[in-house]
Amino acid sequence: MWLPWALLLLCAPGSLSLRGPSNVSGTVGGSLSVSCQYQEEYKRFAKYWCRQPCLPFFSETVETSASGEEVRSGRVSIMDHPGNLTFTVTLENLTASDAGKYRCGISTILVEDGLPGFLPDPLFQVQVFVSPASSSDSSARTPGPSRSLLSSIHFLLLIFLKVPLFLSMLSAILWVNRPQRAIRGQTQSD
């Protein structure tokens, strides 16, 4: 009975089967690399990188080759290093549109007794931040994750403080004005 739960754990983002950084950042025109670490039992499987939602035929997926050589698709390359149980994805010549959520994964199509079988792919999500290139000192720039944090704080303030406060004020105004309309309506009918 524990097997289904174990299989769910394998496909959970950040699972023990596959791990790596949750955030990476680079600058426009530069490059960045993501190293994804996997467990020994996944040595013979193909590894992949794709932009979420990772739908077949709708998103570009770069997958390792059986020969173990680097595979390149446009500005993205991937290479498996089975000796140290990692694979590396490199994005080159970054643009602002490269920012977003990506997925490191292992394709786990199995063949048992001549029949294909499927397990959920071990995967984890990587958030890529791309900051504008600047000729000024790079330490003066605000990195992508900080901007994301600030926007998250503003969103939380909006949802949990500003919107309820606005609705409370609106309700108070409507409640104060309601009795006046009711009294006027009674005096006109008399």
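Reader: How far apart are the sulfur atoms of Cys36 and Cys104?
Author: They are 2.1 Å apart, and the two residues form a disulfide, a term used here for a pair of cysteine sulfur atoms within 2.5 Å. Bear in mind that this is a predicted model: local features need pLDDT of at least 70, side-chain atom pairs count only at pLDDT 80 or more, and totals for chains, interfaces and linings use all residues. Residues are numbered from 1 along each chain as its sequence is written, and side-chain values use heavy atoms, with hydrogens and water left out.

Reader: Which parts does that pair tie together?
Author: Cys36 is in strand E3 (residues 32-38) and Cys104 is in strand E9 (residues 100-107), so the link joins parts that are 68 residues apart in sequence. Strands (E, at least two residues) and helices (H or I, at least four) are DSSP runs, numbered from the N terminus.

Reader: Are Cys36 and Cys104 buried or exposed?
Author: Cys36 is buried, and Cys104 is too. Buried means under 20% relative accessible area, exposed means over 50%, and partly exposed is in between, with a 1.4 Å probe and protein chains only.

Reader: How many disulfides does the structure hold?
Author: Two. Cys50 and Cys54 form a disulfide with their sulfur atoms 1.8 Å apart. That link of Cys50 and Cys54 is right-handed, with 100° about the S-S bond. Cys50 is buried at a relative accessible area of 1%, and Cys54 counts as buried at 15%. With the bonded cysteines numbered in sequence order, the pairing reads 1-4, 2-3.

Reader: OK, new topic. Where does Pro53 lie?
Author: Pro53 is in the loop between strand E4 (46-51) and strand E5 (61-63). A cis peptide bond joins Gln52 and Pro53, with omega at about 20°.

Reader: What's the phi of Leu85?
Author: Phi of Leu85 is near 55°, a positive value in a residue other than glycine. Leu85 sits in the loop between strand E7 (76-81) and strand E8 (86-91) and is buried, at 19% relative accessible area. Asn93 also has a positive phi, near 50°. Asn93 is in the loop between E8 and E9, and it is partly exposed at 48%.

Reader: Let's zoom out. How many helices and strands are there?
Author: The chain has two helices and twelve strands. Along the sequence the pattern is α-β-β-β-β-β-β-β-β-β-β-β-β-α. Of the 190 residues in the chain, 27% are buried.

Reader: And which residues is Val24 in contact with, leaving aside neighbours within four places in sequence?
Author: Among them are Leu32, Val34, Val126, Gln127 and Phe129, where contact means heavy atoms within 4.5 Å. Val24 lies in strand E2 (residues 23-27) and is buried, with a relative accessible area of 11%. Val24 and Gln127 are 103 residues apart in sequence, yet 6.4 Å apart in space, C-alpha to C-alpha.

Reader: What share of the contacts in the chain with a separation of 6 or more comes from residues 24 or more positions apart?
Author: Such residues account for 58% of those contacts.
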